[in-house]
Amino acid sequence: MSKIVLMTDSASDISAENEKEYGIKIICFQHIFGENVYTSRVDFDHKKYYEMLDAFDGIPSTSQITMFQFQEIYEQEFADGCTDLIYVSINSNASATNSNAHQAKRMFYDEHPEAVGKMNIHIVDSGTYTCGYGYAVVEGAKMIRNGASAEEVVNYISDWCEHSRVYFVMYTLKYAAKSGRINGAAAFLGNALGIKPLMLLKDKSINDVAKIRGEKNILKTILSHTMQDMDTQKPYCIVYGSDFELAKEMADAAEQAVGYPPVDFCPIGAEIAANTGPKLVGLMYYAH
């Protein structure tokens, strides 16, 4: 009898409710604020992290999940009778975490040849962030509950991540400048002129695709770009940060444009907020 274990990392921003309900295993990143180290989902929730970020003068950093952590997980899951371990990782272009999972997999089989054919380790590079893959992981967990095979779940998650797109807008460029994502002078000028960049998460990259002047134009600009390639037969989610009222405005505007409401609201966690700041709004969808 098969025993499928579905695992991801905290950058997926899966809610604690879904984590518990569907038995999803989540490996948590650590965040360094000066001399202090905190663990996502353990030492802070989203609201607390936004407050910590706002109060910190420096640039918090995020540590990768190590090969040794993965080795320990593989060992434990094999001992517990797992037949298929599916790990869906943060974008491999942004973190060595995915590479560490692969290295640990090779070492695990070298040290445990008896595990070959008994526990299959499937590693999926999401190529994205937040609910761009977190949504697919939750849906994959539902598939497992309904009797789907590991191959079916991996194929579904891989396909969703390949077609996942997230358009979003940061309401301040301060954090992107601090992290080096945006030139400091450009950030200062953009803030002074009220210009917001429209960002797109796609194909393992984050690109600035448009400049928006004035906050009143943000939602409609997000939607005009989204509707160009959105598969309107698929669900979508609202991405947001510290301002849930803004998320509801985004949802209302999206429902009018698309014709049906979002399936979920996804607050960004520490792994994204460190680079964008806490106030953000966007939309995650499946592109045809």
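How many residues does helix 6 have, and how far does it reach from its first C-alpha to its last? Helix 6 spans residues 150–163, has 14 residues and reaches 20 Å. That is close to the 20 Å expected at 1.5 Å a residue, where the expected span is 1.5 Å times one less than the number of residues. Helices (H or I, at least four residues) and strands (E, at least two) are DSSP runs, numbered from the N terminus.

This is a predicted model: local features need pLDDT of at least 70, side-chain atom pairs count only at pLDDT 80 or more, and totals for chains, interfaces and linings use all residues. Residues are numbered from 1 along each chain as its sequence is written, and side-chain values use heavy atoms, with hydrogens and water left out.

Stay with helix 6. Ala 150, Val 153, Val 154, Ile 157, Trp 160 and Cys 161 are buried there. Buried means under 20% relative accessible area, exposed over 50%, and partly exposed in between (1.4 Å probe, protein chains only). The face turned away from the buried side carries the exposed residues Glu 151 and Glu 162. The buried residues pack against strand 1 (4–9), strand 6 (84–89), strand 7 (120–125), helix 5 (131–145), strand 8 (164–170) and strand 13 (280–286). Contact means heavy atoms within 4.5 Å.

An open sheet of four strands has the order 2-1-6-7, with parallel pairing. Two strands pair if DSSP finds at least two bridges between them. Strand 2 (25–27) and strand 7 stand at the edges with a single partner strand each, so one side of each has no neighbour in the sheet. Neighbouring strands of this sheet are turned by 20 degrees against each other on average, direction ignored. Strand 1 and strand 6 run parallel, joined by five bridges. Leu 6 has Ile 86 of strand 6 as its bridge partner. Helix 4 packs on the sheet and touches strand 6 and strand 7. Its direction makes about 165 degrees with that of strand 7; axes are lines fitted to C-alpha atoms, for helices over the stretch in contact, and angles run from 0 to 180 degrees between N-to-C directions.

Helix 4 covers residues 97–111 and includes Asn 100. Asn 100 is buried, at a relative accessible area of 9%. Not counting residues up to four places away in sequence, Asn 100 touches Gln 64, Ile 65, Thr 66, Met 67 and Phe 70.

Now the nonpolar cores. Each is a set of buried Ala, Val, Leu, Ile, Met, Phe, Trp, Tyr and Cys residues joined through side-chain atoms within 4.5 Å. The largest has 70 residues; Tyr 49, Phe 70, Tyr 74, Ile 86, Val 88, Ile 157 and Met 284 touch the most other members. Helix 5 gives the largest share of this core, seven residues. Apart from it lies another core, of 25 residues, among them Ile 212, Val 281, Leu 283 and Ala 287.

Last, a hairpin. Strand 3 (residues 30–33) and strand 4 (residues 36–39) run antiparallel, joined by four bridges. Phe 33 stands opposite Asn 36. Two residues lie between the strands, and Gly 34 takes a positive phi near 65 degrees.
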